[in-house]
Amino acid sequence: MMALIEIKDLIKEYRINDNKSQQVLKGLSFSMNHGEFIAIVGESGSGKSTLLNIIGGLDSDYKGSVKIGGKNLKDFNFKELDDYRKLNIGFIFQSFNLIPTYTVMENILAPSDMTTMPDKIKKEKASKLLSRLGLKGYEDKMPSSLSGGEKQRVAIARALMNDPDIILADEPTGALDKNNAENIVTLLKSIAAEGKLVVVVTHSQKVANQCDRIIRLEYGTISHDSGMAVKNNPENKEKAGKISSKRLGIIHSFLIAYKNIRKNKLRNVLVSLGTGIGIFSVVALLFLSRGIGNYVTNQMYSQTNPLLVEVTKVSDNANRRFLNFTQLEPFSDAEIKQLSEIPGVASVEKGCIITGSTSLFFNDSNENIAMLSTIYKDFSPDLKEGSLPESGQIIISESLANSIGKDYASIIGKEITLKIENNNSQSVVNEKTYTISGIIESDGSPASRLKTGYVNFADITTEQNTPPINILYLTASSQKDVDFIKSDIKRFGFNVNSRDSALNRIISFINTVTIGLTGIAAVSLVVSGIMILVVLFISVVERTKEIGILRAIGARASDIKSIFISEGALLGLGSGIIGVFIAVIISAIANRILYRITGTQLIAINLPNIFTGILISVGISILASLIPATKASGLEPVESLRHE
Ligand code: ADP
Ligand code: MG
């Protein structure tokens, strides 16, 4: 009859350095069977743990063969080896090796979480084990609050959870007092009586004496074997409801990750805060550029007809500055014709801007007007009061209105006289009385604070004197013509409208700022990623032991990987939420301040950008977690278990 475990010529060597190695197991051969309760005894350092680790599939680096139910462990691939530990082996350690962040119940359930066992069966089994091991009422306790004996009973319950054939206990009573030790041995004995193979490594002769068979190791060889007990086991009862292995589910890996994050609350909150600041800069940038985008489009379409192109002519030596119209030169008839013939130009409207040579007379007072301009077809300033000027009427800026009276409503309808003088000779070229029809609202910009007036072109034209036509309003027949028209105008040596180019300058300024901010955001995102990376690396080192425990109870390398990636994703989610939170608060405050200055909501807080921010955060964190996760999953199970 085939034995459950057949070991043949098992040799284990540890490399000490390049040309020296130590042979720990020197060719062991023996068999073990169902229902046996075997003690392996021997001096410390005689290779007992090494043997147990090899049998348990934790260490595959040996010579010779270990056959389980006729199958050679050497032929198992990584996944089969993980499944073997999960389903066929129950490990019990001297130092208990419970997972400190799990409750008693969670520790017991852990092996079954990586199997197809239905939840209902899991609960039933766990509850049976709890009562069998005297742990009722301990379900929600944390391992740190248990006594040694209790911890070892939890470890035994965990080892039995997946109903394995083989229980391997490495000095299970080594850390326990006499009473507890006896309890544990009795328990193990009863487990063997059920038909399982129980192998106990022990120092204690007392423990060994209770076993049916004693194998003594000395200097890596078997110095004594009391022989297979005369036990005609097993009835080889089929396992009720065969379970099979499956990977750790996503919910479980997130739960594990969440527990780990909670364990290091302060550190993780700080990291999330740091990373959150990076995300904040990105989200704030998105808000800002969207807000400014809205603002610019509003400006373009509300204030100016997008088909309108303003053309002026400036002498070559003129130092052109925004709103400096003193250098404007009149167009000749030929030039007007040339411009009107540009393809795509639908109409040309003549206009005149007079600066620094107009005075206003009202009652006995007189005021100098900084700029008198004619209006054009689509001229549509924001009016504080009144309406656009008809023939014989004028609209004036707020600052000009202020010098006439305080009550704007009563200013409408008042008559004022404008006197336009020739710049050089001071002779009057036009003097006329207008009725005030409206007052233009100041938007706070320097230009809007000037004293200005707007009249119809016909009103400043007299028989003796045509005003200089120094601005032309070209209307394009469609939006797609506008750019061609503008480039033609420039080619002819004229200027394209100052308002539009002011807007362009604002846009290009904003673009520069945006690029700068984007750079900062990019750098902070990289820094965020590195922070997450470092924190997870530290976490891998701190939890090496825990990784070893999980591997010992059957977690696959990929399960370990997904736990760490989940941890990265959770940190990313936390950072994202923190970052978005800061961004929304700061943006809301900044918006209020900016609104007072500019009169517009420059920062657009919006849901899509909030989601983008969180998504970016989670994405970067997952990316950053890949390296530590790969490192964690690549750790050798035996090495990690030995880690302190
Ligand atoms: P036991 O459990 O019987 O006390 P071990 O199996 O733990 O003994 O160790 C047997 C021998 O192998 C000891 O001399 C020990 O120093 C050595 N050994 C164990 N693990 C390693 C290792 N990872 N590298 C090198 N030598 C090791
Ligand atoms: Mg040992």
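Q: What makes us place Gly576 in helix α16?
A: Gly576 falls within residues 557-598, the range of helix α16. Helices here are DSSP runs of H or I with at least four residues, strands are runs of E with at least two, and both are numbered from the N terminus. This is a predicted model, where local features need pLDDT of at least 70, side-chain atom pairs count only at pLDDT 80 or more, and totals for chains, interfaces and linings use all residues. Residues are numbered from 1 along each chain as its sequence is written, chains are lettered from A and ligands numbered from 1 in the order in which they are written, and side-chain values use heavy atoms, leaving out hydrogens and water.

Q: Why is Gly576 called buried?
A: Buried means under 20% relative accessible area, exposed means over 50%, and partly exposed is in between (1.4 Å probe, protein chains only). Gly576 has 0% relative accessibility, so it counts as buried.

Q: Which residues does Gly576 touch, leaving out those up to four places away in sequence?
A: They're Ile279, Ile614 and Ser617. A contact means heavy atoms within 4.5 Å.

Q: Why does Phe581 count as exposed?
A: Phe581, also in helix α16, has 56% relative accessibility, so it counts as exposed, given that the cut-off is over 50%.

Q: How do you know which residues are around ligand 1?
A: The test for being near a molecule is a heavy atom within 4 Å of it. The residues around ligand 1 include Tyr14, Glu43, Lys48 and Arg642.

Q: Which element gives the largest share of the shell around ligand 1?
A: That's α1, with three residues.

Q: Why is α1 described as largely enclosed by the rest of the structure?
A: Seven of its eight residues are buried, so α1 is largely enclosed. Among those buried residues are Lys48, Thr50 and Leu51.
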